[in-house]
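User: I am new to this entry and want to learn how to read it. Can you take me through it step by step?

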Amino acid sequence: MSHRSFVWLCLLPLAVVTAAFFLLPMARLVVTGAEGPQGIAGYLAILTEPRYRATLINTVVLAAVTTIVTLVVATIAGMFLQRHRFPGRAVLIAMLTFPLAFPGVVIGFLIILLAGRQGLIGDWSNRLFGEKLVFAYSIYGLFVGYLYFSIPRVILTIMAAVQKLDVGLEEAARSLGASPWAVQRDVVLPALAPAFVASGAIAFATAMGAFGTAFTLATNIDVLPMLIYTEFTLAANFSTSAALSVGLGIITWFILALARSFSGSTVAAAG
Amino acid sequence: MSASAGHGAAVRIEACGKTFADGTRALEPATLDISSGETLVLLGPSGCGKTTMLRIIAGLELPDAGGKVLFDGKDMTSVPIERRNVGMVFQSYALFPNMSVSDNIGYGLKIRGVPDKERAARVAELVALTNISGLENRRIDQLSGGQRQRVALARAVAIRPGILLLDEPLTALDAALRDRLRGELNRLLRALGITTIYVTHDQAEAMELGDRIVVMQKGKIAQIGSPREIYFTPQSRFVAEFIGAANIIESPLENGHLVLPGGRQAIGGDANMPAAVAMIRPETIRVIEAGSAPLSGIIDSVSFIGDRQRLVVSGASNRLLTVDAPNTVQANAGERVGLLISPDAVRLLPPED
């Protein structure tokens, strides 16, 4: 056996796995999406059918807001944690990254304990204002859950980026007369931009597709993964759920690609 | 902001020491005056406290309690760096990667709210001065090491600082480029006339650039003086050995002579001590016929360097003697040679602690 054919033989398992679990189901999904009563126009229904369209917009807005709020919180916290040494720092970092260990179901449960009918926030608001504040079973509860979910992922990336930041850059900007705010605006944040894009993209993709948390909170939250689930299991509408799945994939992929090219173009525009 | 070309602030640091949070003493309390327009070099091996002193002057470190930093007689100790009007060049250059060359140079002016037109004019002036025409729109990662160094300098000078602080600005470059830029930097600093404080561990840089050199050792000032004073009249063995090549001879003294295995060597002045530590520079030793010489030895090795040759002579002193002879002298290993040293060239050093 020649060296060349040996290499091809070694690639065979990879090719089989790729075909069996990736290419074939994907192709089947795309085909199924076009097999509904409307044929290929089934894909258009994602945009034309008001219920689907509203859900789509809801999901994208929720994912975007989650990403932005996560980035803001994680940047401030990550910068502080990386730059300061204080007793209990290691414990705090460990606690912040703890949610990584939980599946979405557990996070949904935590949200219910916090903001559900018997939740802490409801208890306190009842005592203070005589009214129970309950938001666990809505898109707001889902938002809090996604935040809890995303912050640890982003904070670790930001901390690593801050650690690699050349302190000399900040000192140089200060020597040129830049105030602490100007240093952040002109030097630190631009230097962290690649980390923002990388970790923001992960936060966005997670928030677009996370299912466990939404399912635990309520079955009537209008987000895309829930819609796919209900179309598939309750309405047995195979073709629509396949079309929605493909749509979800394309939108997530498109926004990730956009973020990547945007960060690339800002770097180029500086030249 | 009165700083314009040709004027620099006078700097005084008073009893400035620095102890870090973990208890290490980086700098013993030191007092130093730097006059307006002077170029002062802080020279020493790594860990001697020179960078700490520079950072205290810059405002990037606070001196220990009791220390004071004054610019033109004004107490600046608690003024942060952004309001000290100092230009600073870092060893890593610390150029902003998200800005073009001209945006880097103009950044300090932009922060100061200088109008676009005036800023562009000043940037153009500095681009010409530092010889980087044609690179204005480049990104920083498209520049060579030498070009980065020039941009860093242009950026620091653009704000017309009262004081220019340079932290090993040439260390990151290769040797040939370093030599060339050293000469260029020297002309530029003279032309600008800004008070300059320059940190380096390279004695050649210190000699060429410094009006005065502060030699530092283990957080203390070992000696302050002009390059000539530091070279010819070092006040300690450390300074003598750190600057240039030096033969250090420990020997008994008798009637104004060092008593050596290879003969006797007269010393300048009169020293009434039983023993001395003396320094003799290799280039002050002349090679003559062995017969008539008061001091002689045997050549151990000859290295031809080009502009001169370096001989190592044994038997003359209690240690090997290094001699720099002109490249025309005939010298072969194994020969006995006489060594003629002017008494003035023998520098007595204080005994070691």
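User: What should I know before starting?

Analyst: This is a predicted model, in which local features need pLDDT of at least 70, side-chain atom pairs count only at pLDDT 80 or more, and totals for chains, interfaces and linings use all residues. Residues are numbered from 1 along each chain as its sequence is written, chains are lettered from A and ligands numbered from 1 in the order in which they are written, and side-chain values use heavy atoms, with hydrogens and water left out.

User: Which domains does chain B have?

Analyst: Domain bounds come from an automatic or database domain assignment. Here the assignment gives domain 1 (11-238) and domain 2 (245-349) of chain B. Their centres, taken over C-alpha atoms, are 40 Å apart.

User: How many residues of the two domains of chain B are in contact?

Analyst: Contact means heavy atoms within 4.5 Å. Eight residues of domain 1 of chain B touch eight residues of domain 2 of chain B in this sense. Buried area gives another view: it is the accessible area (1.4 Å probe) that two parts lose on being put together, summed over both. Between these domains of chain B it is about 710 Å², and carbon and sulfur atoms give 48% of that. On the side of domain 1 of chain B, Tyr231(B), Pro234(B) and Arg237(B) lose the most area, together 75% of what that side buries.

User: How many salt bridges cross between domain 1 and domain 2 of chain B?

Analyst: A salt bridge is a side-chain nitrogen of Lys or Arg within 4 Å of a carboxyl oxygen of Asp or Glu. The rule finds one across this interface. Arg237(B) forms a salt bridge with Glu250(B), and their closest N and O atoms are 3.1 Å apart.

User: Which helix gives the most to the side of domain 1 of chain B that touches domain 2?

Analyst: Helices (H or I, at least four residues) and strands (E, at least two) are DSSP runs, numbered from the N terminus. Helix α7 (residues 227-232) of chain B gives the most to that side, with three residues.

User: How many residues of chain B are in contact with chain A?

Analyst: 24 residues of chain B meet 21 residues of chain A. The area buried between the chains is about 1,900 Å², with 61% from carbon and sulfur atoms. In chain B, Glu82(B), Asn98(B) and Tyr107(B) lose the most area to chain A, together 29% of what that side buries.

User: What is the count of salt bridges between chain B and chain A?

Analyst: The count is two. Arg55(B) and Glu171(A) meet in a salt bridge at 2.7 Å, N to O. β6 (86-89) and α2 (101-111) of chain B each supply at least two residues of the side that touches chain A. The largest share, three residues, comes from α2(B).

User: Which strands are joined to β16(B)?

Analyst: Two strands pair if DSSP finds at least two bridges between them. Strand β16 (residues 296-304) of chain B runs antiparallel to strand β19 (residues 336-341) of chain B, with three bridges. There, Ser296(B) stands opposite Gly338(B). β16(B) also runs antiparallel to strand β17 (residues 308-314) of chain B, with six bridges. In that pairing, Ile298(B) stands opposite Ser314(B).

User: What phi does Gly306(B) take in the hairpin of β16(B) and β17(B)?

Analyst: Gly306(B) takes a positive phi near 120 degrees. The hairpin has three residues between the strands.
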